[in-house]
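Keep the model open as you read. The text below walks through a few local features of the chain, one stop at a time.

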Amino acid sequence: MRTGTIPRVLGTAAALAALLTTALAAPAVAERSATPDRAPVEAAAPANFTHPGVLVSRPQLDFVRGRVQAGAQPWKSAYDQMMGSKYASLTRTAKPRAVVECGSYSNPNNGCTDEREDALAAYTLSLAWYITQDSRYAQKAIQIMDAWSAVIKDHTNSNAPLQTGWAGSSWPRAAEIIKYTYSSWPGSGRFGTMLRDVYLPEVTNGSHSNGNWELSMTEAAIGIAVFLEDRAAYDKAVGKFRGRVPAYIYVTADGSLPKVAPGSGLDTRAKVINYWQGQSTFMDGLSQETCRDLTHTGYGLSAISHIAETSRIQGQDLYPEIADRLRHAMGLHAKHQLGTPVPSSLCGGSLKDSLGPVTEVGFNALANRLGYAMTNTQTLTERQRPAGSNNLFVAWETLTHANNPA
């Protein structure tokens with residue numbers, strides 16, 4: 001399993017640095033363009049949160065249910081794939097523990113896989129409940145969530161922030177569906193306390209490790225904020241998102257060097273290039289982790305899409321702010337994964353691994369809803385259908401988001 005490296009602290013930031021724009025918070029870098037990003041709209045959590053509203057909304061779920069009932073493709077095959085997976089099992093036994101200890105690359109792995117997979121199972125079962133209206137699936141999801149909320153107290157070791165981000169991204173998706181579409185969940189309050197006390201403190205302040213860390217942590221933070229109806233936590237997550245996305249995906253308008261995240265300490269050209277895996281030639285859509293491998297890049301792009309999707313449901317659409325970066329990033333990496341030769345100027349002419357099942361959400365938003373032409377991304381997305389799970393924090397996105405206008 002690929003979980004990333006031990007985080008390397010690149011600098012320190014004041015507690016509110018995440019809410020500043022990159023231009024104000026980041027030190028000047030030699031050869032940086034003076035052209036700023038468009039001024040973002042001020043972060044503002046909704047006055048009234050929409051539920052269910054983490055990654056999927058009720059209209060989206062209704063659309064999916066109707067498509068599956070009609071036997072329409074690709075939803076029916078995606079549904080069959082989900083229901084045939086271990087995550088949909090009605091005999092699953094949760095494996096909670098008080099302290100989940102995860103080292104680099106999950107070594108040691110004391111509850112890491114169990115936690116992530118139980119969270120994915122709760123989400124899978126909640127989808128199964130909504131589509132089938134069979135209460136056994138809702139009850140099994142509740143059983144898993146209650147088991148963890150009764151036990152867990154902490155995450156430890158070097159991968160604790162990322163582990164918390166991954167599991168903390170899946171839990172609120174499941175909890176939102178069950179709490180707001182099933183008849184009764186007496187333990188929902190205790191589950192919320194778990195998210196507030198165990199998960200949110202670990203993810204809310206972000207990370208100066210590779211960008212997929214902070215993006216996954218921010219995905220967890222915004223999902224938890226929605227479930228808790230915590231406006232301050234929501235706004236803080238949006239601030240992190242706005243600081244990190246321009247520092248994760250390069251576009252030529254940025255100038256000769258990529259932007260840097262607030263508080264990163266990347267204040268020289270050499271530091272920036274080193275952080276970008278030694279890449280010194282920058283092109284539209286390049287990710288901070290492209291030259292590391294496409295799998296970690298896929299984690300980052302997926303989390304970006306998930307955060308934007310949740311914000312859209314909550315009435316604060318972040319897609320327009322990041323659409324140009326995200327479409328270029330998806331297109332660049334899809335093109336080369338599909339077989340276009342990699343030029344020597346890009347990662348020395350070689351790219352490793354693949355993006356994984358991560359393109360459905362962003363493609364649906366940018367191509368189907370916003371009308372961007374995304375030929376390479378469309379080809380890769382359709383070739384990978386039905387998109388399954390990466391067994392970390394991504395699951396069943398052909399089912400939930402393929403051609404979904406809701």
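Pro386 sits in the loop between α14 (375–383) and α15 (397–401). Helices here are DSSP runs of H or I with at least four residues, strands are runs of E with at least two, and both are numbered from the N terminus.

This is a predicted model, in which local features need pLDDT of at least 70, side-chain atom pairs count only at pLDDT 80 or more, and totals for chains, interfaces and linings use all residues. Residues are numbered from 1 along each chain as its sequence is written, and side-chain values use heavy atoms, with hydrogens and water left out.

A cis peptide bond also joins Gln73 and Pro74, with omega at about 10°. Pro74 belongs to the loop between α2 (58–69) and α3 (75–83).

Next come the backbone angles. Most residues other than glycine have a negative phi, and most peptide bonds are trans. Tyr105 is not a glycine, yet its phi is positive, at about 55°. Find Tyr105 in the loop between β3 and β4 (109–110). Its relative accessible area is 37%, so Tyr105 is partly exposed. The cut-offs are these: buried means under 20% relative accessible area, exposed means over 50%, and partly exposed lies in between, with a 1.4 Å probe and protein chains only.

Asn403 is another residue other than glycine with a positive phi, here near 45°. Look for Asn403 in the segment after α15. Asn403 has a relative accessibility of 35% and counts as partly exposed.

Now the cysteines. How many disulfides does the structure hold? There are two. A disulfide is counted when a pair of cysteine sulfur atoms lies within 2.5 Å. Number the bonded cysteines of the protein chain in sequence order, and the pairing reads 1-2, 3-4.

Take Cys102 and Cys112. Their sulfur atoms are 2.1 Å apart. The torsion about this S-S bond is about -125°, so the disulfide is left-handed. Cys102 lies in strand β3 (residues 99–102) and Cys112 in helix α4 (residues 112–132), so the bond ties together parts that are 10 residues apart in sequence. Are these cysteines buried or exposed? Cys102 is buried, at 1% relative accessible area. Cys112 is buried too, at 0%.

Cys291 and Cys347 form a disulfide with sulfur atoms 2.0 Å apart. The angle about its S-S bond is -80°, and this link is left-handed. The pair connects distant parts of the chain, 56 residues apart. Cys291 is in the loop between α10 (269–275) and α11 (294–313), and Cys347 is in the loop between α12 (319–337) and α13 (360–369). Cys291 is partly exposed, with a relative accessible area of 23%. Cys347 has 16% and is buried.

The last stop is helix α6, residues 160–181. Helix α6 has 22 residues and spans 32 Å from its first C-alpha to its last. That is close to the 32 Å expected at 1.5 Å a residue, where the expected span is 1.5 Å times one less than the number of residues. Of the 22 residues of α6, 20 are buried, so the helix is largely enclosed by the rest of the structure.
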